[in-house]
Amino acid sequence: MDFIVVVTFETTPQKHDEAFRLLDEYINDFLRIQPGFIESRLNEREDGSGFLHFARWEKESDFRAFANKAKDHPLLPAIRQLDASANFYRATRHYVGPAGD
């Protein structure tokens, strides 16, 4: 099943818009075009103090190849300033409710 990457980013309400633009550019222009990438969702914390990014990959090796490429990406130093914290999961089951049909 899919390899899941969940990353949280910390920011402040004052820097929220700037952080969103940075993450959006990185995800839209770089991450989403990588081999093995399936989809992702960028979610903002209601109080404006951070984001949660959920990404699905076909295989862990696809994600690892992307991560190796990402080391040289020009936006990465600024993204690291957002106190990113990543966790990795393997999908075990998928549930869809009536609204998801």
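Helices and strands here are DSSP runs, with helices being H or I over at least four residues and strands being E over at least two, numbered from the N terminus. A few notes on the model follow.

1. Ground rules. This is a predicted model, in which local features need pLDDT of at least 70 and side-chain atom pairs count only at pLDDT 80 or more, while totals for chains, interfaces and linings use all residues. Residues are numbered from 1 along each chain as its sequence is written, and side-chain values use heavy atoms, with hydrogens and water left out.

2. Layout. You'll find 3 helices and 4 strands in the protein, and from the N terminus on they run β-α-β-β-α-α-β. The radius of gyration (over C-alpha atoms) is 14 Å, close to the 13 Å from the globule rule (2.2 Å times the number of residues to the power 0.38) for 101 residues, so the protein is as compact as a globular protein of that length. Along the principal axes, the C-alpha atoms fill a box of roughly 40 × 35 × 20 Å.

3. Surface and burial. Accessible surface comes to about 7000 Å², and 49% of that belongs to carbon and sulfur atoms; the areas are Shrake-Rupley with a 1.4 Å probe, and for residues only the protein chains shown count as cover. Of the 101 residues, 35% count as buried. Buried means under 20% relative accessible area, exposed means over 50%, and partly exposed is in between (1.4 Å probe, protein chains only).

4. Contacts and charges. Take contacts (heavy atoms within 4.5 Å) between residues at least 6 apart in sequence: 74% of them join residues at least 24 apart. On the charge side, there are 13 positive and 17 negative side chains, and the centres of the two sets lie 6 Å apart. Lys and Arg count as positive and Asp and Glu as negative, with His and the chain ends not counted; each charge is placed at NZ of Lys, CZ of Arg, CG of Asp or CD of Glu.

5. Helix α2. Which residues of α2 are buried? In this helix (residues 60-70) they are Asp-62, Phe-63, Phe-66 and Ala-70. They sit on the same side of α2, because they cover an arc of only 95 degrees around the axis, going by directions from the helix axis to the C-beta atoms. As background, an α-helix has 3.6 residues a turn, so residues three or four places apart point the same way. The cover over the buried α2 residues includes β1 (3-10), α1 (16-29), β3 (50-57), α3 (76-80) and β4 (85-90).

6. His-73. Have a look at the loop between α2 and α3, where His-73 has its place. Its relative accessible area is 16%, so His-73 is buried. Not counting residues up to four places away in sequence, His-73 touches Tyr-26 and Phe-30.

7. Tyr-89. This one is in strand β4 and is partly exposed, at 44% relative accessible area. Leaving aside neighbours within four places in sequence, Tyr-89 is in contact with Asp-2, Phe-3, Ile-4 and Val-6. Tyr-89 and Val-6 are 83 residues apart along the chain, with their C-alpha atoms separated by 8.1 Å.

8. Two aspartates. Asp-83, in the loop between α3 and β4, has phi near 50 degrees, a positive value in a residue other than glycine. At 52% relative accessibility, Asp-83 counts as exposed. Asp-24 is in helix α1 and is partly exposed, with a relative accessible area of 37%; its C-alpha atom and that of Asn-87, 63 residues apart along the chain, are separated by 20 Å.
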